[in-house]
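Here are my notes for anyone opening this entry for the first time. Have a look at the picture, then read the points in order.

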Amino acid sequence: MTTADPQKTTAVAEKDPAGGPAPEDTGPLVELRGAGKSYGNIRALHGVDLAVHPGRVTCVLGDNGAGKSTLIKIISGLHQHTEGEVLVDGTPVRFNTPREALAKGIATVYQDLATVPLMPVWRNFFLGSEMTKGPWPVRRLDIARMKRTADEELRNMGIVLDDLEQPLGTLSGGQRQSVAIARAVYFGARVLILDEPTAALGVKQSGVVLKYIAAARERGLGVIFITHNPHHAYLVGDHFSVLRLGTLELSAARSEVSLEQLTNHMAGGAELDALKHELERAGGVDVEALPGAPDAGEPAGTPSEGTA
Ligand SMILES: Nc1ncnc2c1ncn2[C@@H]1O[C@H](COP(=O)(O)OP(=O)(O)O)[C@@H](O)[C@H]1O
Ligand SMILES: [Mg+2]
């Protein structure tokens with residue numbers, strides 16, 4: 001930690017020494033109060049309350065078109081909300097650009113990462129924020145320091161790569177996401193937004209990304225993890241917000257919701273029931289064998305609804 005570039009090391013990293021307990025909650029880093037967004041007359045998001053706390057993972061779940069990307073675009077400065085409030089450190093904000101959000105420590109890792117696959121890992125780590133040495137006009141890239149720092153920072157996050165000279169494109173999808181997460185942490189992110197980081201990955205690679213989400217949380221970041229996979233969410237999540245057609249269908253702390261209940265919310269329990277009845281009427285489908293319905297005659301031991 002002492003060897004990190006002082007210009008690039010934020011106060012946040014210092015306040016929160018690695019290995020210490022999760023920081024005492026000082027209120028949400030980011031908060032949405034009745035926030036919404038319309039694109040022309042399409043209301044993509046409406047009346048959403050959400051709080052992002054340091055050292056916690058807030059999962060945002062929902063089917064395609066539920067409004068997940070719209071939600072994070074508001075927080076990350078790509079779009080502006082058209083109703084309600086967005087607060088950072090308790091102060092209402094309205095970001096005009098992602099740069100303004102970044103200046104407040106809100107970093108977003110998109111699924112289509114803004115990276116250069118043919119460039120070495122360390123170059124991508126510093127892309128757009130290269131370290132230099134020497135005075136103008138003979139200033140040049142400080143390659144040795146960038147390599148050393150990238151290596152240290154990746155190791156700090158538990159990411160060990162054989163060779164930082166290898167082109168980023170040769171890494172697996174999970175490793176690339178991990179490098180992007182480590183990069184955001186290094187450049188002082190307090191809030192890390194991940195838009196469906198596991199959507200295109202297999203089971204093992206998803207595990208890699210989930211591990212680094214947990215590592216970011218351990219370092220005291222507030223993480224917003226967008227996914228439509230309740231199993232992935234439940235492995236790392238502290239809070240679960242389920243969007244349906246632009247509104248919050250569920251907002252629950254981990255202690256208030258089981259994986260089964262979360263899965264049922266995601267599957268759209270009621271809709272699935274209706275579908276089963278239709279299939280039953282159509283005939284030829286063994287509806288008892290279909291998953292999800294609470295009254296589907298599950299064997300004993302399945303907890304009933306509403307036990308939370
Ligand atoms: N730029 C846009 N212009 C118009 N409608 C949009 C735009 N972006 C998203 N939408 C609409 O808003 C709704 C939510 O989309 P989105 O936030 O992308 O959902 P998700 O990420 O959960 O799949 C969808 O109905 C989508 O068609
Ligand atoms: Mg989306």
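The points below go from the overall fold to the sheet, the core and the ligand.

1. First, a caution: this is a predicted model. The protein chain has ten helices and twelve strands. Of its 308 residues, 36% count as buried. Among contacts between residues at least 6 apart in sequence, 68% link residues at least 24 apart.

2. Cysteine 59 sits opposite phenylalanine 240 of β11. As background, strands of a sheet pair through backbone hydrogen bonds, either parallel or antiparallel.

3. Which residues touch the most other members of the largest nonpolar core? Of its 64 residues, they are Ile181, Val191, Leu192, Ile193 and Ile224. Helix α6 (residues 173–186) gives this core its largest share, seven residues. Leaving out neighbours within four places in sequence, isoleucine 181 is in contact with Val109, Met157, Leu192, Tyr212 and Ala216. In soluble globular proteins, nonpolar side chains tend to be buried together.

4. Next, helix α2 (residues 68–76). Nine of its nine residues are buried, so the helix is largely enclosed by the rest of the structure. The buried residues include Lys68 and Lys73, along with Leu71, Ile72, Ile74 and Ile75. Just after α2, glycine 77 has a positive phi of about 90°.

5. Helix α2 also matters for reading the ligand site: three residues of the shell around ligand 1 come from α2, the largest share. Around ligand 1 you will find Tyr39, Ile42, Ala44, Gly62, Asn64, Gly65, Ala66, Gly67, Lys68, Ser69 and Thr70. β2 (42–52) and α2 each supply at least two residues of this shell. By class, the shell has four nonpolar, six polar and one charged residues.

Notes
Residues are numbered from 1 along each chain as its sequence is written. Chains are lettered from A and ligands numbered from 1 in the order in which they are written. This is a predicted model: local features need pLDDT of at least 70, side-chain atom pairs count only at pLDDT 80 or more; totals for chains, interfaces and linings use all residues. A residue is buried if 20 or more other C-beta atoms lie within 10 Å of its own, exposed if 12 or fewer, and partly exposed in between; C-beta atoms are placed from the backbone. Helices (H or I, at least four residues) and strands (E, at least two) are DSSP runs, numbered from the N terminus. A nonpolar core is a set of buried Ala, Val, Leu, Ile, Met, Phe, Trp, Tyr and Cys residues joined through C-beta atoms within 7 Å. Two residues are in contact if their C-beta atoms, placed from the backbone, lie within 7 Å. A residue is near a molecule or strand if its C-beta atom, placed from the backbone, lies within 6 Å of it. Ala, Val, Leu, Ile, Met, Phe, Trp, Tyr, Cys and Pro count as nonpolar, Asp, Glu, Lys and Arg as charged, and the others, Gly among them, as polar. Two strands pair if DSSP finds at least two bridges between them.
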